[in-house]
Amino acid sequence: MTSNQFFIAGLPAGDSKFSLEGEEHFHLARVARVKPGDQIWLTDGRKKRMLAEVVSLKEDKTWLLPVRIDEEKLKTKLILGLSLTKLVTMDAIIEKATELGVVEIIPLSTVRSFKMPVDKLSARKARWERISRAALKQSKGAVLPVINEIMSLSAILSADVQAEQKIFLDEHSQVYFRDILSEDRPASVVLLVGPEGGWSQKEKEELVRVNYRGYSLGGRILRTETAVVSVLALISHFWNW
C-alpha cells in the first residue's frame, strides 16, 4: 500500500531504520491504520519524497525502513503574490496553490485588500503553513511553499523579485492570459493577484512601470479564488507538469 504520504522534518540519510513520531505517527497508526509491511511516502517539503516500509508500530513511534528516494522537478518556479482577502478564501487559495506546485506565497497588503489586525497575523501565518503541509501530503507533492510575512505592494515591487515572466491579473486588460501559454516555457514566474475589489489605477501603473504585464482571463468577472486556481492550473498544465 502506497496511498498515504506523511510529513517529516527531515528525510534521513542512508538506508538505516528510522522512526516517525508525534502527530504524524498518530495519524499513521490511528487514522490511516497503516500496518507493518505497508509502504508509505514521506516528504520534508524540500523537493524529495521517500518511499519507506513500515517495520513496526509502537505506542509513541513508527519504525520505518527506506526503500527509495524520488525528486520532484518542477520545470517552472512559480511565486504567488496574493492580496489579502477574506480569511476563508485565503485558506482555500493557499491549499490549492500548494497542490498546483507554487514554491513561494507572498501575502500582499494593497489599497483594497482585506484588513487583518496586526496581532492576528502571526497566528494566521501558522495556520496557512499547516494548511499547506496538509495539502502537500494529500497531493503527494514534494515542494512545500515558503509562506512569507505580509508585504506591501510597493515593498515587493522595490524588492525586484527576479523572474522571467512577471504577471498580474487585470480583468480590464485587453490581453488574454491564454495568449502567453504557447510561448517558450519560462524558468520562473511571479504572479500577482489583486483583492476582490481589484487593483487601483495607481497600483496598475506601478506594476506596469516595473515591467509586470497585466492579463485578463476573459469576459466574466471571476471570484478571486476562481481566478487564482484557473491561472495556476493553466501554468501547471502547460509549463510545469
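Figure 1. Strands S3 and S4 form a hairpin with 4 residues between them, and Gly45 in the turn has a positive phi of about 80°. Strands here are DSSP runs of E with at least two residues, helices are runs of H or I with at least four, and both are numbered from the N terminus. The structure is a predicted model, in which local features need pLDDT of at least 70 and side-chain atom pairs count only at pLDDT 80 or more, whereas totals for chains, interfaces and linings use all residues. Residues are numbered from 1 along each chain as its sequence is written, and side-chain values use heavy atoms, with hydrogens and water left out. S3 (residues 39-43) and S4 (residues 48-57) pair in the antiparallel sense over 5 bridges; two strands are said to pair if DSSP finds at least two bridges between them. Leu42 has Met50 of S4 as its bridge partner. Met50 also stands opposite Ile69 in S5. S4 and strand S5 (residues 61-71) run antiparallel and are joined by 9 bridges, and these two strands form a hairpin with 3 residues between them.

Figure 2. Buried denotes under 20% relative accessible area, exposed over 50%, and partly exposed the range in between, with a 1.4 Å probe and protein chains only. In a regular strand the side chains alternate between the two faces of the sheet. Both faces of S10 are covered, with Gln165, Ile167 and Leu169 buried on one side and Lys166 and Phe168 buried on the other. S10 runs parallel to strand S11 (residues 188-193), to which 4 bridges join it. S10 also runs parallel to strand S12 (residues 213-215), with 3 bridges between them. The bridge partner of Phe168 in S12 is Gly214.

**Figure 3. Surroundings of Lys166.** Lys166 belongs to strand S10 (residues 165-169) and has Val190 as its bridge partner in S11. Lys166 counts as buried because its relative accessibility is 14%. The side chains of Lys166 and Asp160 are joined by a polar contact of 3.0 Å. A polar contact is a pair of N or O atoms within 3.5 Å; within protein, one must be able to donate a hydrogen and the other to accept it, and residues adjacent in sequence count only if both atoms are side-chain atoms. A polar atom of the Lys166 side chain also lies 3.1 Å from the backbone oxygen of Val161. Residues up to four places away in sequence aside, Lys166 touches Asp160, Val161, Val190, Val210, Asn211, Tyr212 and Arg213, where contact means heavy atoms within 4.5 Å.

**Figure 4. Val111 in the loop between S7 and H3.** Val111 lies in the loop that connects strand S7 (104-109) and helix H3 (118-139). Its relative accessibility of 55% is why Val111 counts as exposed. Val111 is in contact with Ser200 and Glu203, leaving aside neighbours within four places in sequence. The C-alpha atoms of Val111 and Gly198 are separated by 9.1 Å, although these residues are 87 residues apart along the chain.

**Figure 5. The largest pocket.** The largest pocket contains about 470 Å³ of space. On a 1 Å grid over the protein atoms alone, a pocket is an open set of points with protein on both sides within 12 Å along at least five of seven lines, a cavity is a set of points where a 1.4 Å probe fits but cannot get out, and lining residues have an atom within 4 Å of a point. Grid points are joined across faces, edges and corners, and a volume is the space filled by probe spheres set on the points. The pocket is lined by 26 residues, of which Glu171, Pro195, Glu196, Leu222 and Ala227 lie nearest its centre. Helix H6 (residues 224-240) supplies the largest share of this lining, 3 residues. By class, the lining has 9 nonpolar, 8 polar and 9 charged residues; Ala, Val, Leu, Ile, Met, Phe, Trp, Tyr, Cys and Pro count as nonpolar, Asp, Glu, Lys and Arg as charged, and the others, Gly among them, as polar.

**Figure 6. The largest cavity.** A search of the whole structure finds 1 cavity of 30 Å³ or more. The largest cavity has a volume of about 40 Å³ and is lined by Leu121, Lys125, Trp128, Asn148, Glu149 and Ile150.
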